Amino acid sequence: MKVVALISGGKDSCYNMMQCVAAGHQIVALANLRPATDKDELDSYMYQTVGHQAIDLYAEAMDLPLYRRTIEGASLEIGRAYCKNEGDEVEDLYHLLKLVKEKQAVEAVSVGAILSDYQRVRVENVCKRLSLQPLAYLWHRNQEVLLREMISSQIHALIIKVAAFGLDPDKHLGKTLGEMEMYLTQLSKKYGVHVCGEGGEYETFTLDCPLFKKKIVIDSMEAVVHSADAFAPVGYLRFLNMHVEDKGEQNNSLDSIVPADACPCLNYIQSITENAEEVSTIEESRELTTSNAHFKDLWDCGRLCPCSGRTKLGYQWICGISGFSIHCEGASVEDQTRKAFLLLQDKLEEQGLQLTNVVLVHLYVRSMADFSAVNSVYQAYFNVNPPSRVCVEAPLSDGELLQIDCLLHHWEAPEDNNAFYQKQAMHVQSLSHWAPANIGPYSQSVKVGETVFCAGQIGLVPCTMKLVEGGAQIEASLSVGHVEKVLDAMSSGLTLSHVLLAHCYVTSKMAVSLVRKLWESRLKDQCGEDEVYGEEDQKSGPLVVSVIPRLPRDAAVEFHVIAVTDDPRHRKSFYITKDVAPGIIECEVVEASSSSSATISLSLSLPLSPCATIQEETVQSLVCTFQESLEKLDSNTSPLCFRAFYKHSRSDAAQLVAAFGEAMKRHLDQRSPALVLVPVKDLPDLKVLHVSCWLSQ
């Protein structure tokens, strides 16, 4: 793509340009926002302005057009999300990039953000409005590794501002990154200083790098002490005279800029490929031959429990949202999507809620070929910080093209707890080496209180957004890696050990044992990494695996998790098994250490041959087992969603799930959860029914 690079003069914006070139993009222009001529530095949440006197030399050094604009706005919209505000400094960026796009026909924007959600959110907002793709290849990289890469990649940058404990204007201004690397690492270990200066500890100015055709030379400068604080004095360099000069004969090939083996995504994929087991790639038919004749009764059964009650913490589940109507047969998927959202909005209004209260959506489509069409309508209903989402293909009833169920949250929290229970979304749209950008209108994760609801993750290579090659195991490993990165980015230190419920969708039964083994292995590895947790003590939530016809991008594996920022050592867990003629019931229960939430996994295994009739005793045993598991949990915990996966190909499974749904409604009464019936191609082992349930106070 043709790229405009946002430059501040610092090391980060410069190194991200190098990453863009290494990824095959073309830098065609530079863009910079500067302070008024009588100021060295602005009190800006967005922009580095120290060293702005030398920015004009970048155009000559790189032989590229430079577009500059004076910052006129101020930091007005300083919340987690950003909405257009003409008086905000973000709008200066919008007008600058709009001009560059008109003049240079650019398609993407290079952004040097590493950790700042504040900056990333605002740049992504501007890019979305201008239909530009943000490229943030440094996003959430390990800072020590990143600093070493910058230095070894021949970025010659000076420290031009210091503002942290341990950094002294008299000692450290004018030092190079190479000279400061060891000392910055020591400060990080002692005082938590960000090695790359992401906390504002220091700022840099790049004088030379492999992308420069000429180098910048500072002839004279002066040190300015901004604040003579005894513990953390603030000082910066003001450039007075500077020029560019030829570099002579130097190797500026792509490999010298960023070595081919330096891509973190490809390095990680190579490491998991070396440990991957060979799995049969025999294609399984996606055609489900069983008649849909029984579906009308099934879906009517599911709609007996279309909405759970609202818990003390403000959670509620709504299910069975569909745009299908016998009066509108032949309606397009777009029309059904619109009708489904109108129905959802009506149901929300009945509860005194809005779409902004939705935190997690499960979207089932009859054909994954409709994925883009559904998204085109879906995105109109969620703008800033959309909910997390899981999307899979399922054999819905005849004529029904999609079905939605969603988790809602609305709680008038006490004033001292209100901020804790506000919805926080991570909606990353930039291409990076971190985790995939969204391939639809959803957030990677949403956090409410101590609970993190992640979107489904498939094996996309983050920097290319293409499905990784190599089969189900490679996809599964990459998907789990994405889950780990999203969890940690959403709440530092959050790991797979904190998962309370995990769903894995695969398109081949041959991948079932593979994903189970991988999940157990990654949990075990996490135990070894977490010194504070012992492997024997940790209690991770259940993994529910289902075989479905198709996933987005024709992926083979998708992982979706709900995690809690609790202490996994102090969770309660129970395991129940019962022999019921002619099968076995298994139930796993895990409760968060805070008792605020819990999960129940309930399954029934039956012989291979379908039973002519489902015995009432079997259904009763399932209900009793679930009630028994409820009694082991905190009495204030209520079940919210009963997601029943059942084998579509077995007639007895259809009878079972219908009878089970009816029985659950009768027995649980006021504590009855929303009931979601999900027909699937297959389930592990001899299971014909597998229910996952999330509970909350």
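**Stop 1: helices H9 and H13**

Select residues 264-274, helix H9, and residues 472-490, helix H13. In this predicted model, the two helices pack with their axes 10 Å apart, at an angle of about 130°. Angles over 145 degrees would count as roughly antiparallel, so H9 and H13 are oblique to each other. The crossing of H9 past H13 is right-handed.

Now show side chains. On H9, pick Tyr-268, Ile-269, Ile-272 and Thr-273. They meet Ile-474, Ser-477, Leu-478 and Gly-481 of H13. Colour this contact by class: 5 residues are nonpolar, 3 are polar and none is charged.

**Stop 2: helices H11 and H12**

Move to residues 333-350 for H11 and residues 371-378 for H12. Here the axes come within 9 Å and cross at roughly 40°. H11 and H12 are therefore oblique to each other. Their crossing is right-handed.

On the H11 side, select Val-333, Glu-334, Thr-337, Arg-338 and Phe-341. Their counterparts in H12 are Ala-373, Val-374, Ser-376, Val-377 and Tyr-378. By class, the H11 contact with H12 has 6 nonpolar, 2 polar and 2 charged residues.

**Stop 3: a parallel sheet**

Switch to cartoon view. Look for an open sheet of 5 strands, with parallel pairing. Read across it in the order S3-S2-S1-S4-S5. Which strands stand at the edges? They are S3 (66-70) and S5 (133-135). Each has a single partner strand, so one side of each is left without a neighbour in the sheet.

Zoom in on S1, residues 2-6, and S4, residues 108-110. These strands run parallel and are joined by 3 bridges. Select Ala-5 and look across to S4: Ser-110 stands opposite.

**Stop 4: Leu-640**

Select residues 638-647, strand S25, then pick out Leu-640 within this strand. Is Leu-640 buried or exposed? Leu-640 has a relative accessible area of 0%, so this residue is buried.

Next, show what surrounds Leu-640. Leaving aside neighbours within four places in sequence, its contacts include Ser-308, Gly-309, Thr-311, Tyr-315, Gln-316 and Trp-317. Pro-673 and Ala-674 are also among the contacts of Leu-640.

Finish with a distance. Pick the C-alpha atoms of Leu-640 and Tyr-315: they are separated by 7.8 Å. Along the chain, Leu-640 and Tyr-315 are 325 residues apart.

Technical notes. Residues are numbered from 1 along each chain as its sequence is written. This is a predicted model: local features need pLDDT of at least 70, side-chain atom pairs count only at pLDDT 80 or more; totals for chains, interfaces and linings use all residues. Side-chain values use heavy atoms; hydrogens and water are left out. Helices (H or I, at least four residues) and strands (E, at least two) are DSSP runs, numbered from the N terminus. Buried means under 20% relative accessible area, exposed over 50%, partly exposed in between (1.4 Å probe, protein chains only). Contact means heavy atoms within 4.5 Å. Axes are lines fitted to C-alpha atoms, for helices over the stretch in contact, and angles run from 0 to 180 degrees between N-to-C directions. Angles under 35 degrees count as roughly parallel, over 145 as roughly antiparallel, 65 to 115 as roughly perpendicular and the rest as oblique. A crossing is left-handed if the near helix is turned anticlockwise from the far one by less than a right angle, and right-handed if clockwise. Ala, Val, Leu, Ile, Met, Phe, Trp, Tyr, Cys and Pro count as nonpolar, Asp, Glu, Lys and Arg as charged, and the others, Gly among them, as polar. Two strands pair if DSSP finds at least two bridges between them.
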